[in-house]
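The following note sets out points on the structure shown below. It takes up the chain as a whole, then its helix packing, and finally individual residues.

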Amino acid sequence: MNNLELLIKKLEVLDIEINIIGDFNFDVGASPPNAPTKHFLDLCNLYQYHQLIKEPTRITERSSTTIDLFITNNPTMYVKSGVCHIGISDHSLVYAIRKLCVSRKDPRIIRSRQFRDFNANSFRYDLSLAPWHIIEEYENDPNLAWDAWKTIFLKISDIHAPKRSRKIRNKHSPWLTPELKKLMFERDRLKRIASKHDIEHNWSKYRSARNNVNRCIQDAKAAYYHNYFRNSFGDIKNTWKGVNELMGKNSHTNVISSIKVGDCNYTSSSDIRELQENTIAVIPPCGYKPENKQSVIALKMLAWIAERDNIAIRHARNHGEQRIGKYLVDGFNVETNTV
């Protein structure tokens, strides 16, 4: 008992759901309980643990006791508990069914511009009136000049083509039927009416539609997964696929089903496994057409210098880099022979 109390004290500081299962050897079904059992029950009450097993777990010809227990500090998460009497031991099997809590993933947000009311002429006119001259104040710093230009341009763009955000579903809902969608649209319509006209009758109609939709969704989900698991009986792969869908997990397993070498197409696992190493194409680290890496900021700076000084600078995105001996230079001016 002292060890159990010490264990519960240590677990208490974790502030998590705790379940303790096993043969406690305290007959909680006895009336009245003996002193050790009463001490155990007082300990559970003190730390707000609840004992879920209500039936005898050890039944013999002479006795019937409830000593195999399931105690938890979160009983509201369990919908059912009980005892399964099996013949392999004089102790019966205890069980508890927990509510399935699937953590929702954050929705995927897509941001784009809305061009429904975009007018190109009006947009160009506003651009012509923009104070572009302030960029000249940053002629010695291309980064500040670029930031100033971008700020002006995006500010005008936000007026003519405002940004909008859309939520994208993380997963499809195969149980969502057209009939169910109609009920959901009707529920949303009644919600808008109730919000606009704050009348109890409207709210009552909305609540009724909402509850009906919730029931239909639960029934549709249950029917879909019931049929899914029934059809997947004996198929472990599809069964786990359905379980992962219920748990909100995605499978990222990539299976190679075929490899083509020349005119031959290998599909069996044994043939794929026996392929020689030099028969499989491996992409080089820099690709089949390797290129030198370039700095976007450096290219912007070269373009800015060329515009400021009214000169032509050859670089990676303008006729390619100039080779001098065995070296490639970032920027080169042919007229002044300057790097």
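1. Contact, as used throughout this note, means heavy atoms within 4.5 Å. The structure is a predicted model, in which local features need pLDDT of at least 70 and side-chain atom pairs count only at pLDDT 80 or more, whereas totals for chains, interfaces and linings use all residues. Residues are numbered from 1 along each chain as its sequence is written, and side-chain values use heavy atoms, with hydrogens and water left out.

2. Overall composition. The chain contains 9 helices and 13 strands; these are DSSP runs numbered from the N terminus, with helices being H or I of at least four residues and strands E of at least two. Of the contacts between residues at least 6 apart in sequence, 51% join residues at least 24 apart.

3. Burial and surface. The chain has 339 residues, of which 23% are buried. Buried means under 20% relative accessible area, exposed means over 50%, and partly exposed lies in between (1.4 Å probe, protein chains only).

4. Helix 1 with helix 2. Two packed helices are described by the angle between their axes and the distance between the axes. The axes are lines fitted to C-alpha atoms, for helices over the stretch in contact, and the angles run from 0 to 180 degrees between N-to-C directions. For helix 1 (residues 2-12) and helix 2, the axes come within 11 Å and cross at roughly 5 degrees. Helix 1 and helix 2 are therefore roughly parallel to each other; angles under 35 degrees count as roughly parallel, over 145 as roughly antiparallel, 65 to 115 as roughly perpendicular and the rest as oblique. Helix 1 contributes Leu-4, Glu-5 and Ile-8 to the contact, and helix 2 contributes His-39, Phe-40 and Leu-43. By class, the residues of this contact between helix 1 and helix 2 are 4 nonpolar, 1 polar and 1 charged. Here Ala, Val, Leu, Ile, Met, Phe, Trp, Tyr, Cys and Pro count as nonpolar, Asp, Glu, Lys and Arg as charged, and the others, Gly among them, as polar.

5. Helix 3 with helix 4. The axes of helix 3 (residues 120-128) and helix 4 (residues 142-160) cross at roughly 150 degrees and come within 10 Å, so helix 3 and helix 4 are roughly antiparallel. The crossing of helix 3 past helix 4 is right-handed; a crossing is right-handed if the near helix is turned clockwise from the far one by less than a right angle, and left-handed if anticlockwise. On the helix 3 side, Ser-122, Phe-123, Asp-126 and Leu-127 meet Phe-153, Ile-156, Ser-157 and His-160 of helix 4. The contact of helix 3 with helix 4 divides into 4 nonpolar, 3 polar and 1 charged residues.

6. Helix 6 with helix 7. A crossing angle of roughly 160 degrees is found between the axes of helix 6 (residues 200-231) and helix 7 (residues 236-247), which come within 9 Å. Helix 6 and helix 7 are therefore roughly antiparallel. The helix 6 side of the contact consists of Tyr-224, Tyr-225, Tyr-228 and Phe-229, and the helix 7 side of Asn-238, Thr-239, Lys-241, Gly-242, Val-243, Glu-245 and Leu-246. The contact of helix 6 with helix 7 has 6 nonpolar, 3 polar and 2 charged residues.

7. Thr-239. This residue belongs to helix 7 and counts as partly exposed, at 25% relative accessibility. Neighbours within four places in sequence aside, Thr-239 is in contact with Phe-229 and Ser-232. The C-alpha atoms of Thr-239 and Tyr-228, 11 residues apart along the chain, are separated by 8.3 Å.

8. Strand 13 and the segment after it. Leu-328 lies in strand 13 and is partly exposed, at 34% relative accessibility. Asn-337 is located in the segment after strand 13 (327-329). Although Asn-337 is not a glycine, it has a positive phi of about 55 degrees, and its relative accessible area of 58% makes it exposed.
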